[in-house]
Amino acid sequence: MEMIISAISQGTIWAVMGLGIYITFRILNAPDMTTEGSFVLGAAMGAQMLSFGVDPYTSLLLAFLAGMAAGAITGFLVTRLHINPLLSGIITMTGIYSINLKVMGKANMSLSGLDTLKTSIAGLSLPRNVDTIFIGMIVVSIITLFLTYFFKTEMGQALIATGDNIQMAKSLGIQTGEMKMLGYMLANGLIAISGYIVATDNGYADIQMGVGTVVIGLASIIIGEVLFRNVKLGVRFVTILIGSIIYRLLLTIVLMLNFDANDFRLFSAVIVAICLSIPTIQNKLADYREYRKVAK
């Protein structure tokens with residue numbers, strides 16, 4: 001039972017990253033590898049601010065702003081220098097690695113003894129992992145409400161239109177370059193928040209903690225999409241949370257089956273590949289059933 005609660009707690013805090021990746025992956029329809037850099041940047045910036053005595057909530061805001069800055073760099077490369085989005089993300093991610101080392105001053109930074117999000121709610125006397133669920137649910141709820149409202153505004157609709165059909169958006173007078181820039185900044189700001197929360201939950205920030213985060217975020221999105229099809233955008237954000245929790249539960253099952261923990265990334269990739277292939281498999285089955293009907 002403890003492992004299940006732990007999986008749910010991890011699912012809630014990693015869902016924040018899924019929300020960020022959704023903006024670039026689904027709304028802008030652009031692969032963004034900045035994720036792995038901005039995730040660590042949020043953790044590094046937050047950890048360093050906490051070590052300076054900054055309160056946990058201000059540190060979270062600064063981590064968000066740092067992530068937005070990383071997204072702005074990728075957005076600049078894409079919109080102003082017209083570099084391929086995938087390559088732009090890789091360039092930014094590579095450069096941020098050095099910045100993260102400079103921010104932390106070392107490869108690993110402990111948060112032991114510092115005031116963090118967890119210590120700020122210590123007065124509630126919540127059990128282990130339940131405090132993480134509490135923090136995660138509050139953050140996810142606030143972000144979900146904000147995104148749901150934002151994408152109903154004129155600016156949010158312009159961002160959606162830019163990702164859906166850039167030529168049509170331009171014909172409507174939408175500044176598509178600015179919208180792309182906004183999308184990259186917002187996405188990486190949220191990813192940085194996730195990195196900060198994960199770091200405070202783990203008790204440390206590490207330069208390598210961003211490796212494979214793209215797959216984790218995609219898993220959350222795709223599992224939610226497979227289970228809940230054709231839902232409104234606001235509900236879609238909730239399904240990302242559900243997908244993140246299910247993904248963590250699947251990894252827990254793998255752990256309970258005594259597989260090597262080093263194989264987790266392999267299983268992550270397999271889970272994402274299977275989920276991505278489900279629509280194709282369903283279409284093939286539908287075509288086969290149609291063929292059988294005609295043959296009869």
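Author: Helices are DSSP runs of H or I with at least four residues and strands are runs of E with at least two, both numbered from the N terminus. This is a predicted model, in which local features need pLDDT of at least 70 and side-chain atom pairs count only at pLDDT 80 or more, whereas totals for chains, interfaces and linings use all residues. Residues are numbered from 1 along each chain as its sequence is written, and side-chain values use heavy atoms, with hydrogens and water left out.

Reader: What makes Leu227, Phe228, Val231, Val235, Val238 and Ile242 a nonpolar patch?

Author: A patch takes residues with over 30% relative accessible area and no salt bridge, joining nonpolar side chains (Val, Leu, Ile, Met, Phe, Trp, Tyr) within 5 Å and like charges within 9 Å. Val231, in the loop between helix H10 (213-227) and H11, has a relative accessible area of 31%, so this residue passes the accessibility cut-off. Together the six residues have about 430 Å² of accessible area, from the Shrake-Rupley method with a 1.4 Å probe, where only the protein chains shown count as cover for residues. H11 gives the largest share of the patch, three residues.

Reader: Why is the pair of Phe146 and Phe150 called stacked?

Author: The whole structure holds five aromatic pairs. In this one the ring centres are 6.0 Å apart with 20° between the planes; rings of Phe, Tyr and Trp (its six-membered ring) pair if their centres lie within 6.5 Å, and planes under 30 degrees apart count as stacked, over 60 as edge-to-face and the rest as tilted, so the label follows. Both residues lie in helix H6 (residues 130-150), four residues apart, which is about one turn of the helix.

Reader: How do you know whether Phe146 and Phe150 are buried or exposed?

Author: Buried means under 20% relative accessible area, exposed over 50%, and partly exposed in between, with a 1.4 Å probe and protein chains only. Phe146, at 43%, is therefore partly exposed, while Phe150, at 10%, counts as buried. Phe151 and Phe237 form a tilted pair, because their ring centres are 6.2 Å apart and their planes lie at 35°. Since Phe151 is in the loop between H6 and helix H7 (154-164) and Phe237 in helix H11 (residues 233-256), that pair ties together parts 86 residues apart in sequence.

Reader: What makes Arg26 and Glu225 a salt bridge?

Author: The term needs a side-chain nitrogen of Lys or Arg within 4 Å of a carboxyl oxygen of Asp or Glu. The closest N and O atoms of Arg26 and Glu225 are 2.7 Å apart, so the pair qualifies. It links distant parts of the chain, with Arg26 in helix H1 (residues 2-27) and Glu225 in helix H10, 199 residues apart. Arg26 is partly exposed at 31%, whereas Glu225 counts as buried at 16%.

Reader: Why is the pair of Asp201 and Lys118 said to tie together separate parts?

Author: Their side chains meet in a salt bridge at 3.0 Å, N to O. Asp201 lies in helix H9 and Lys118 in helix H5, so the joined parts are 83 residues apart in sequence. Salt bridges with shared partners join Lys118, Asp131 and Asp201 into one network.
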